[in-house]
Amino acid sequence: MPHATTHPTPLLRTRPIGAGHLRAFIAVAKHLNFRAAADEMALTQSAVSRQIQSLEDEVGVPLFLRHSRAVELTGAGAQLLHSVLPALEAVDATVRQIRQTVGRKSVAITTWASFAAMWLIPRLQDFQQAWPDIDIRIDTGDAVVDLETTDVDLAIRYSRAQETGSGSARRLFGEELAVVASPALLQGGPQLREPADAARYTLIETGDVHRMPQLEWLSWQRWFAAHGCDQLQPPRWLYFNYAHQIVQAALAGQGLAIARLPLVADALAAGQLVEVLPRHRLASPLAYWLLPGPRSGQRPEVQAFCRWLVEQAALTRAAIEGACSV
């Protein structure tokens, strides 16, 4: 009986590919023509062809189908292009940024988006006027950035003292929570004399209020419970993901919001928002902290920015104490 013909299983490559041929790959994929790719790269057509062949050998599969007058991407080539193109664009953008900042003084700050939008960015013009030769980079996100391993110089965090993770953390200001509304909403709405009266309005809060302990302090449930009326329900709820969205909705007259006083002190002072039921603020165990990076604290530009932040924090504390209430 004849034996069945068997085909050897191809040996899958496991070593990462070299990156040197990827620009040739992108050029050929863009033009679908080796000559045009060679002209773009200032190489000979045979040099580009050899680079593509070497890349295909490393990957282990063909990346292009060769025709007499043009080429086309294989499925594997299209898959690789989808991954490589944005990656190299990001690398090029980073290199451009590095080259542009050579010899320039700069400070990089990490914080969360609502604090940047509501407190830090509106004040930056003051720093830029005083220090026009210092570039500022603000990175925002909910994840805590490790200052030991990144190129970020400073962090501004919102937490309890024991959660700052650094003995060098400096307290900028604490926090109280207050009910705020736009003057226009109050003019046409029911009277607000007691905490229970708040339930007569649309109430605005974060949609994932129970996701993190610090967000629970911003919940209407906690506020009503603290004032003995936790069984009340408003005519409607309005939910958002971020503190700056909640305040924006309150500014637009869409309902009552529980706001962090440090973040709305300017709006209160300008009369854009009004604090209602001021005798019913809630104290918060959380505070705003400034943390310098371990390798950045001695740089003059970082020290200048830290001094400026501390000065601005003092102004915010004064604004909270002098905020107008009704």
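Which residues form one aromatic cluster? They are Trp-112, Phe-115, Trp-119, Tyr-158, Phe-173 and Tyr-288. The model is predicted, so local features need pLDDT of at least 70 and side-chain atom pairs pLDDT 80 or more, while totals for chains, interfaces and linings use all residues. Residues are numbered from 1 along each chain as its sequence is written, and side-chain values use heavy atoms, with hydrogens and water left out.

Across the whole structure, a search finds 18 aromatic pairs. Trp-220 and Phe-224 have ring centres 5.6 Å apart and planes at 35°, so this pair is tilted. Rings of Phe, Tyr and Trp (its six-membered ring) pair if their centres lie within 6.5 Å; planes under 30 degrees apart are stacked, over 60 edge-to-face, and the rest tilted.

Both residues sit in helix H8 (residues 220-226), four residues apart, about one turn of the helix. Helices here are DSSP runs of H or I, at least four residues, numbered from the N terminus. An α-helix has 3.6 residues a turn, so residues three or four places apart point the same way. Trp-220 is buried at 0% relative accessible area. Phe-224 is buried too, at 3%. Buried means under 20% relative accessible area (1.4 Å probe, protein chains only).

Ser-219 is buried, at 4%. A polar atom of its side chain lies 3.1 Å from the backbone nitrogen of Arg-222.

Helix H11 spans residues 300-321. Its buried residues include Glu-301, Phe-305, Trp-308, Gln-312 and Ile-320.

Technical notes:
Helix = DSSP H or I, 4+ residues; strand = E, 2+ residues; numbered from the N terminus. Buried < 20%, exposed > 50% of the residue type's maximum accessible area, 1.4 Å probe, protein only. Polar contact = N/O pair within 3.5 Å; in protein donor to acceptor, adjacent residues only side chain to side chain. Expected span 1.5 Å × (residues − 1).
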